[in-house]
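User: I'm new to reading protein models. Could you walk me through a few features?

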Amino acid sequence: MTWMSIFLNDKALRWSIGAFLIARVALTLWSLLVAVLLPTAVQNLDLSGAPVLASFDLSTSARYAYSRQVDGAVLTFRASAPDAVTDAQTGSVWSLRDGRAVSGAYAGRTLDPPAYSVEEIFPYRGVAAETNLLLALWQRFDANWYVAIAERGYGSIDGDVHFPPLYPALIRLGGALLGNYFLAGLLISNLATIAMLVVFYHVALDHFDASVAARATAFLLIFPTAFFFFSAYTESLFFLVALLALRAMERRAWLWAGFWSFCAILIRLQGIALFVPLVYALWTAYPIDKKFARLVSLALAAGAMGLYLFIRGVGGDAALIPLAEPSLNARLVSPWENYFYALQTLVSGHFIAADVLNWAVTTIFIVLLVIGWRKLPMTYSLFAAASLVVLTLRLVETQPLNSMSRYALTLFPVFLLLGKWGENAWVQRAVIYSSFALTLYASAQFFLWGWIG
């Protein structure tokens, strides 16, 4: 059978590739439009009480940072011309290259150095900035952690052992072939996205009809943070591997279930959530056959966690299980403590847009999972519930429910429920309209070095 015949005969493959291409092209065009409309990203930051002007040139990847405080006054800036900003208080124009005011009331004055360096604000982690705009717009935040580990191994950056090794290892292999580690990361994630969509469609068909499968896939791709699937992040690869693990559990393919769980844990720590459905599947699968395969599946999952802890130890992490991380303002807490801390942050009024999105997504996903608990196979519901617990154990005081809007992408059972409930026209409109608007906002923030997740 030729590849063409496989493509023509497999509706899941046709739909997935078509949906991927539409999303990929749309996001690429949107990223370029953002770069044209807002070529210079300007941020007026307040970092732990320090007012900082941060600016980034999207076309050249040039980074600038200065203090916003002049003679005791805190200025607010906006982009006004290439390599220049204007303060709202006096209308003075300041050069970004040297921080000097070239006109206005402050002409001749120079902004002071910032309390935080440009690397702390726009972190590349020692990775070379891409010069190709099509690639550069996607080179943000965690992508640089993974590429740095791939290029130099663990130990080159303080804190890099927080990132499990499998994804950086794949980037290293791809980078050796392509000569560009970041491009390798992009290709791995985009190929994983296609495979993920195909498997997800088939999983949906196992339990629902083709219309539900198509809707669930579409809802997934238009989710506000789905653009992370297309950057050098672990979302798509973890999603794919977790799907394969759960599908193997359903089919009692215990060795494969253990293998994919092993891979999932070495991609993201969220993978330990697969222990719960795996133990449940092993416990409830009668008759109790394939005893050796069952033991091996558990051993593989446990071994992955042991291997990661070993890497942390060798990498010099003082605490194999970090109960508290003072340098990151983070600590382990109960999920409900994290949730209510997020709620208190919103009520206090001291929050950013990402905090609202994180809390809203977490709340909606909890509600949807509770409502639809019995509408899914128990292994799927257990995976989603265990993932929510694992993902909310770590409280970051500067951003409660940190990155939950992104982490929620991998809670695929919720998207299956949305695909089913999307038979209702009102539900379908609510999902599409809200997702479309938030996708434009969130992805633009990402391209402009705004923190989303």
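**Reading a pocket, a packing and a pair**

Analyst: α2 (11-37), α8 (210-221) and α18 (425-447) each give at least two residues to the lining of the second largest pocket; helices here are DSSP runs (H or I, at least four residues), numbered from the N terminus. This is a predicted model, where local features need pLDDT of at least 70 and side-chain atom pairs count only at pLDDT 80 or more, while totals for chains, interfaces and linings use all residues. Residues are numbered from 1 along each chain as its sequence is written, and side-chain values use heavy atoms, leaving out hydrogens and water.

User: Which helix supplies the largest share of that lining?

Analyst: α2, with eight residues. By class, the lining has twelve nonpolar, four polar and no charged residues.

User: How do I read two packed helices?

Analyst: They are described by the angle between their axes and the distance between the axes. Here α7 (residues 181-207) and α9 (residues 235-250) pack at about 30°, with axes 8 Å apart. Among the residues that meet are Ala192 and Met196 in α7 and Leu240 and Leu243 in α9 (contact means heavy atoms within 4.5 Å).

User: And what about aromatic pairs?

Analyst: Rings of Phe, Tyr and Trp (its six-membered ring) pair if their centres lie within 6.5 Å; planes under 30 degrees apart are stacked, over 60 edge-to-face, the rest tilted. The structure holds 34 such pairs. Phe228 and Phe446 form an edge-to-face one, 5.3 Å centre to centre with 70° between the planes. Phe228 is in the loop between α8 and α9 and Phe446 is in α18, so this pair ties together parts 218 residues apart in sequence.

Conventions:
Ala, Val, Leu, Ile, Met, Phe, Trp, Tyr, Cys and Pro count as nonpolar, Asp, Glu, Lys and Arg as charged, and the others, Gly among them, as polar. Axes are lines fitted to C-alpha atoms, for helices over the stretch in contact, and angles run from 0 to 180 degrees between N-to-C directions.
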